[in-house]
Amino acid sequence: MNRRTLLSTAAAVAGAAAMAPLLSACGDGARNTGGASTKKGLKAALPAFVPDDSIKPDIPSVAGRAEIATDPGFLTYPAQRARTVDGVPGRGGSYTAVTPLWGTIPSPDNSFHQAMNKALGVDLEIKPTDGNNYLTIVPTMTSARKLPDWIQLPAWWNSGFNTGGLAGTQLADLTPYLAGDRIKKYPNLAAIPSGAWQAGAWDNNGGQIYGIPSYSSSCVVAGTTFYRRDALEAKGITAEQITSADDLFRLGRELTDAKRGVWAFDDVWTYLFPFWGVPNKWKVEDGKLINKYETPEFLDALDWHHGLAKSGYVHPDALAGQEASAATRFYSGKVLVSGGGTGAWNLSDQQSGSAADKNYRRGAFDVFSADGNSRPSLFLGNSTGVVSYLNKRLSKDRIEELLAVADYLAAPYGSAEYTMVNFGVEGVHHTMAEGVPTFTDAGKKYVQPQTYSFLASCPQVVSNPGADQVTKDFTAWQAANVKYLYKPVFWNMNISLPSSLATADAAQSVEDTIKDCCHGKQKVSDVQAAISAWKSSGDRLKRWLTTNVLEKYGTGQ
């Protein structure tokens, strides 16, 4: 799996987590009473944000509300690769690091690792570990208290790792080194948005920074409703014509031709329900928490999707829950509208789609309100789900040395340091082909399986060398919709629930019934019955969150 595919997968996982219940169980209920971290508790601890301007993007970022901005776009790889780190950051220390890797693990001490150690000025022994088994491997390390010096702990597995419990016991508190203006000692780390730092914060004695973020963004949208732009425009249909749920339903009638094996829709519930004004999980009215299940908008959205399932406009395989073949249906034109994570909108998608249809072009509907009259809105996902941590046993000097290394790894897109971290040594691991770093065989073997960028990396950009139209389309979509994005309740907050509330938080029986309803197998009344059965445990969850999070820390917005 290459870097782009890996990031798309990570985005899909994180996006799914953002759309599903956000809060995770943590530890044993007998030992763990739960906890939280929020911006309020971390106000003095959050690092200052100092944007980097050393490399100018082709498509500048567009600002939305506070702390919300689109990802910058690059149509070409920067020709002048600026240096952002003076000299060698390390002082010769020896360290171990563990990151997940979904792919073939390269041999240790290979030419790329040797070159990186020289560039970093340390002996950093990278130990990539099978990502498919990472959730079981890491707890074995923590139970034996044998964590490496530096480890990547993806946030979507915080509950399985008990990351909140490890913070301060096995993971180092970085607040004394990074809080406020102290981070300016590390300019590339200072260019990471505050929200991403909050995603690696835990509240122990007031709130501290523990994690170092990678792949952060100020415009994380879990997913959206895509369409085959080439196919719709061939029929004279543009996204601007779809401004309500009624418009979308009528589009289904126009696009579906079952006799030719073409249906308008795949499964769209997961990323379309927010268009009814449904929150991702919670909203606050008059100071009180309200779950999405308790809102009339939720039932309206559910009723529409159930009607869609019964309309004949949804592909039969989608109704049967065959999610694995959804991409194939979209590429082949068997379905023309499909929900999905925004991480899918990239070069590899264009290559796969064009292989099936040379005219292939992905598009996405702008955010609209279901009634066509209300102001559209869409909640943000967390700023990152990829966070690394340093071992608490490290001395002050060694922590500072690794933070200097992290600053090198977080150098901006297209810089000399970024090129080294992501493509290796020119002439050995990559060559420049038409201005784009292109892997050699050695690069494919040793560099392409990403490791260092899981320890620290710059904020995300949009770049698809050789597919400029994809970059233009995606950045244009972000720019058109950034004004509708808002921070949801408990945004970027790490909340560790007592084990006794984990089942209530997952609400799996309700979520399963929702899926069946959206596939036409059950009715809206069946979902209401499942919610009624869940309500007593849901109320306990709400009381706990109100007392332990909302009243102490606020909403995180």
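Me: How many salt bridges does a search of the whole structure find?
Reply: The search finds 19 salt bridges in this model, which is a predicted one.

Me: Which residue does arginine 362 meet in a salt bridge?
Reply: Its side chain meets that of aspartate 349, at 2.7 Å from N to O. This pair links distant parts of the chain, with arginine 362 in strand E15 (residues 362-364) and aspartate 349 in helix H15 (residues 347-356), 13 residues apart.

Me: Are arginine 362 and aspartate 349 buried or exposed?
Reply: Arginine 362 is buried, and aspartate 349 is buried as well.

Me: And arginine 361, what does it pair with?
Reply: Arginine 361 forms a salt bridge with aspartate 473, at 2.9 Å from N to O. Here too distant parts of the chain are linked: aspartate 473 belongs to helix H19 (residues 468-481), while arginine 361 sits in the loop between H15 and E15, 112 residues apart.

Me: How accessible are aspartate 473 and arginine 361?
Reply: Aspartate 473 has 9% relative accessibility and therefore counts as buried. Arginine 361, with a relative accessible area of 23%, is partly exposed.

Me: What about lysine 283, where is its partner?
Reply: Lysine 283 forms a salt bridge with glutamate 285, and their closest N and O atoms are 2.9 Å apart. Glutamate 285 is partly exposed, its relative accessible area being 39%.

Me: How many bridges join E4 to E6?
Reply: Strand E4 (residues 94-101) and strand E6 (residues 150-152) run parallel and are joined by 2 bridges. Alanine 97 has tryptophan 150 in E6 as its bridge partner.

Me: Now strand E14: why is it described as largely enclosed?
Reply: Strand E14 (residues 335-340) has 5 of its 6 residues buried, so the rest of the structure largely encloses it.

Me: Which strands pair with E14?
Reply: Strand E10 (residues 224-228) pairs with E14 in the antiparallel sense, over 4 bridges. Threonine 225 has glycine 339 in E14 as its bridge partner. Strand E11 (residues 263-265) runs parallel to E14 and is joined to it by 2 bridges. Valine 335 in E14 stands opposite tryptophan 263.

Me: On to helices. How many residues of H2 are buried?
Reply: In helix H2 (residues 111-120), 7 of the 10 residues are buried, so the helix is largely enclosed by the rest of the structure. The buried residues are Phe112, His113, Ala115, Met116, Asn117, Ala119 and Leu120.

Me: What covers those buried residues?
Reply: The cover includes E5, helix H16 (396-409), helix H17 (416-423) and helix H18 (441-446).

Me: And what caps the N-terminal end of H2?
Reply: Asparagine 110 caps that end, with a side-chain oxygen 2.9 Å from the backbone nitrogen of phenylalanine 112. After H2 comes glycine 121, which has a positive phi near 75°.

Me: At what angle do H12 and H21 pack?
Reply: Helix H12 (residues 296-311) packs against helix H21 (residues 508-518) at an angle of about 45°, and their axes are 7 Å apart. H12 is therefore oblique to H21.

Me: Which residues meet there?
Reply: From H12, Phe298, Leu302, His305, His306 and Ala309 meet Ile514, Cys517 and Cys518 of H21.

Me: What is valine 278 in contact with?
Reply: Leaving aside neighbours within four places in sequence, valine 278 is in contact with Phe273, Lys292, Glu297, Phe298, Ala301 and Phe379.

Key. Residues numbered from 1 in each chain as written. Predicted model: local features only at pLDDT ≥ 70, side-chain atom pairs only at ≥ 80, totals over all residues. Heavy atoms only, no water. Pairing = 2+ DSSP bridges. Contact = heavy atoms within 4.5 Å. Salt bridge = Lys/Arg side-chain N within 4 Å of Asp/Glu carboxyl O. Buried < 20%, exposed > 50% of the residue type's maximum accessible area, 1.4 Å probe, protein only. Polar contact = N/O pair within 3.5 Å; in protein donor to acceptor, adjacent residues only side chain to side chain. Axes fitted to C-alpha atoms, helices over the stretch in contact; angles between N-to-C directions. Parallel < 35°, antiparallel > 145°, perpendicular 65-115°, else oblique.
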